[in-house]
Every structure is written in C-alpha cells, then in structure tokens.
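Here's a quick look at the charged side-chain pairs in this model. Have the structure open while you read.

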Amino acid sequence: MLHHLSFAVADLARSAVFYDAILSALGYARVWADETAVGYGISGSDDKFAIKLRSNGVVVPGEGFHIAFAAPSREAVANFYKAALEHGGKDNGGSGLHPEYGEHYYAAFVFDSDGYRIEAVINERV
C-alpha cells in the first residue's frame with residue numbers, strides 16, 4: 001500500500017550514521033543523498049524510507065505511531081538491535097520473540113536519536 005515514508009530529523013549527519021548502520025543490518029542501503037536528505041531502499045532501486053533535515057525542529061508522533069522494517073532473519077533483527085544501541089538508539093522493548101504479537105513474531109524495538117519508535121521484525125516459523 002505505501003510507496004514510501006520519510007521522517008524529519010534534527011541532525012542529518014547523526015541520523016544518517018544511525019540509519020546506515022541499522023538498515024544495512026537488514027540488507028537495505030543508502031540509495032541517494034543530498035545536503036538535506038538521505039533515502040534508503042534495496043540497492044539499485046528507489047527509496048522506500050527517507051530522513052529529511054528540518055532545522056526548525058522535529059515533532060515526533062507519540063505512542064501509537066511506529067515504523068517496522070522487514071528483516072530477512074532473526075539474526076538480522078539481533079544485528080539491527082545491536083547497531084541501534086551502538087549508534088545512539090535507546091531500547092524500547094528489547095529484541096527476541098514477542099508472543100504478544102504472534103507465535104513467531106521476532107522483533108527488536110528501539111527509539112532512534114530523534115525519539116521515533118522503530119522496529120525490525122520477521123514473523124515466520126523457524
């Protein structure tokens with residue numbers, strides 16, 4: 001249904017380092033960049049997610065809003081979580097099985113450096 005999504009960020013360089021690390025853990029890449037924004041997707045394709053500099057301030061939506069990135073494996077979820085914490089992210093529910101969302105729901109929940117709620121997830125029988 002969605003074509004793409006973007007987040008406003010207060011510090012483009014800081015956020016780009018963060019998203020480069022966590023999204024590469026899931027197999028995604030930076031597909032374009034300029035002085036005001038960075039786009040991510042599958043290498044060689046268009047962006048599906050972008051971060052855009054907004055120097056006049058960022059308003060992060062409250063609870064009820066988050067983005068979940070598709071992960072190719074449980075190992076990728078764990079790598080996403082580790083990279084997030086190493087690059088300024090904060091824990092928002094840990095990494096591992098989350099049976100409250102389904103028997104095979106394996107996810108990591110974090111806040112990015114601006115406070116957005118983000119997740120990596122794979123929901124498949126192993």
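## Ground rules

Buried here means under 20% relative accessible area, exposed means over 50%, and partly exposed is what falls in between. Keep in mind that this is a predicted model. How many salt bridges does the structure hold? There are 3 of them.

## Asp114 and Arg14

Asp114 and Arg14 pair up through their side chains, with an N to O distance of 3.2 Å. They come from distant parts of the chain, 100 residues apart: Arg14 belongs to helix H1 (residues 12–24), while Asp114 sits in the loop between strand S7 (105–111) and strand S8 (117–123).

Is Asp114 buried or exposed? Its relative accessible area is 17%, so Asp114 falls under the 20% cut-off and counts as buried.

## Asp20 and Arg30

Helix H1 also supplies Asp20, whose partner Arg30 lies in strand S2 (residues 29–33), 10 residues apart in the chain.

## Glu86 and Lys82

Glu86 and Lys82 are both in helix H2 (residues 74–86), 4 residues apart, or about one turn of the helix. Their closest N and O atoms are 3.7 Å apart, which means the pair makes the 4 Å cut-off for a salt bridge. As for accessibility, Glu86 and Lys82 are both exposed.

Methods. Residues are numbered from 1 along each chain as its sequence is written. This is a predicted model: local features need pLDDT of at least 70, side-chain atom pairs count only at pLDDT 80 or more; totals for chains, interfaces and linings use all residues. Side-chain values use heavy atoms; hydrogens and water are left out. Helices (H or I, at least four residues) and strands (E, at least two) are DSSP runs, numbered from the N terminus. Buried means under 20% relative accessible area, exposed over 50%, partly exposed in between (1.4 Å probe, protein chains only).
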